[in-house]
Amino acid sequence: MPLLSRLSLSLLLATALTPVSLAAEQHSDATKSQAMDTQGAAERGAYLAQLGGCSHCHQVEGGEAFAGGVRINTPFGVLIGPNITPDEETGIGSWSRDDFEGALRRGVNEEGEPLYPAMPYMHFTKLTDEDIDALWAYFQSVTPVRNEVDTVQLPFPYNLRRALSVWKAMYFEPARFEPNPDYNDQVNRGMYLAEGLVHCASCHTPRNSIGGPLENRPYQGASVDGWYAPNISGSAGSKLAKFDQEVLTAFLSDTHPDGLAAFGAMAQVTTSLYDAKPEDVEAIAAYILKRAEDDPEGEAPELEALSDEAFDRGLAVYESNCATCHGEDGRGNQDIAARLVNNGGVTAASPTNVVNVLLGGIAPRRGFGAMPAFADVLNDEEIADVTNYIRRAWDNDGARLANAALVDGRRNNVQEDPRVALAETCPTGDADIISDSLRERVTAMATEDLTSDQLPDAVDKLGPDLPEADYSRKVTALTSIYCNALAELGEGIDQAEVRSRQLAFINAVDSAIAGAN
C-alpha cells in the first residue's frame, strides 16, 4: 500500500476511534471519581456516626456493628435498638436515601409511621444535607447483618404508634440548624454538634410525665435509662460551675483531667469523643459554657438532712471498701480509680448513679482499672450509707439521700458488667512509670489478639522503651495494662483465656527485660 494511503487510513481510523475512546475514558474517570466521592462520604459518615454515638443504641456489647438489640429502658417500658445495617429483610437495606432522611429529620419510618422519640430525631432534624448524605453513604457501606429485632416491647397503650402522632404534634417541629449571630464560628460549630448530632439535651433536659422536654428548664438534669444526667445549665446547683474550657474539653475527650472521669451512660459519650477532632470537642465545650451564661440562676436544690450517725456509718463502709483505691480524701489514684470530689456524676441531684456503680461495678477503661461490684458484698443499708457519705464528704453537695428502698429497687435493674469479673485477675501496677506511647503499644498487643508465638517478638521490641524502674514495678505495671486491655474485650474472651494470655505476656516481658539488660 502506498505511503499516502497508509497515512490516510491511519488518520481515518484515528478520527473514527478517538471519540469512542475519549468517551470511554471519560466514563471511566467519572466512575472512579464517583467511587472516590462515595468512599469519602462514607468515611466522613463513619466519623459522624462515631460523634453521634449511633452504636450506643444499635450495637450490643461484643455484637456485630449496628445489628441492633440494645435494650433501652424508658418510663413507659422497654424499646430495643433496631438493626440499621443494610440487610434487605431485617435492616434498612430496602430503604431509600429519602427514607433515611425521613427517620432523621421527620421521625418516621420507611412506611411513614411515627418513630418513638428514643430515636433523637428532635435533634437530628437539625442536620445538614451534607451530613445526612455522608451518614447514608456510611450505613450503606457497613456489613449487612441478618438480625430480626422486635423493637417495640412497650405495654398497652404505649405500643400504639398512632398515639405518637399526637405526641409529635405537641413537642416536635422539623427544623434546620440556624447559627446564632451573637456566637463566633467555634461556638456555632459546638451548637450544631451539641444540639444536633451529639444530642446533649436529650439526656440533660428534664421531661414531663409523657416524655415531653421541659423547654423552660434546658440542661437542668434528668433521669435517663436508670442513670441521672446532671444539671449542666447556668442555673444554681449546676455541675458545670466547676469547669472551664480546658477542663471541660479534657473531660469530654475522656482524658481524665485531675482524675475526673465520666461513668455510666456519660462514659459512652466521652468514649465516642475520645477519637473526635480536637477542634470539634473544643467547640462543644465552648458552646455548653457559652449557652449557660444566659440561663436564669434560679434556686439550688435543698440538701436533705444527713445525721452525724448516718454519715459515720457511711464513713466506716467507705474506709473498709473504697479508701484503698479512691483515697481517704476522695481524690482517687491515677490509673487506678477516678476522683469522687467535685465529680458531677457523683453529686448529681439524684443518688442513683452512685448506687448503680456500687451494685454493678465499672469495667476497666482507658486509664483506670475495674471497680468491683458490691452487690454481693454490701447490703442495702450499707450501700445507701456509703452512697450518702460519698455525696456529702469533702464538700460534695449531692442533694437527695439514698435509702435502702432505692437500693433494693435498683438491684433488679443493674447487672454486673462481665468485664468487671474479667478484670479481677489483673494486678494493680504503678502505671505512672509507663509512657503514653508504650501504654498504647501494650494495649494494641491485647486488642490485636497476638498468639503466644507472636507475643515474645512484639514484647521484645519494647525493650528500648521500657521504663527505668526495678524489675517488679516494670513487670507489674506492664501486666496491669495488658490484662485490663484484655478484660475490656468483654464477651469476646473468657476468664481462662485472660489468665493464660496474661501469663504468656508476663513470660515475654521477663525475657524482654533480661534482653534489655
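These legends walk you through a few close-up views of a predicted model. In this model, local features need pLDDT of at least 70 and side-chain atom pairs count only at pLDDT 80 or more, while totals for chains, interfaces and linings use all residues. Residues are numbered from 1 along each chain as its sequence is written, and side-chain values use heavy atoms, with hydrogens and water left out.

**View 1. Helix 3 (residues 97-106) is mostly covered.** Seven of its ten residues are buried (under 20% relative accessible area, with a 1.4 Å probe and protein chains only). Helices here are DSSP runs of H or I with at least four residues, and strands are E runs of at least two, numbered from the N terminus. Among the buried residues are Asp 99, Phe 100 and Leu 104. The buried residues of helix 3 pack against helix 4 (121-124) and helix 5 (129-141). After the helix comes Gly 107, with a positive phi near 70°.

**View 2. Phe 100 belongs to the largest nonpolar core.** Such a core is a set of buried Ala, Val, Leu, Ile, Met, Phe, Trp, Tyr and Cys residues joined through side-chain atoms within 4.5 Å. Leaving aside neighbours within four places in sequence, Phe 100 is in contact (heavy atoms within 4.5 Å) with residues including Trp 95, Leu 135 and Phe 139.

**View 3. Thr 85 sits in the loop between strand 2 (77-80) and helix 3.** Thr 85 counts as buried because its relative accessibility is 0%. Beyond four places in sequence, Thr 85 touches residues including Phe 66, Ile 92 and Pro 144.

Note on methods:
Buried means under 20% relative accessible area, exposed over 50%, partly exposed in between (1.4 Å probe, protein chains only).
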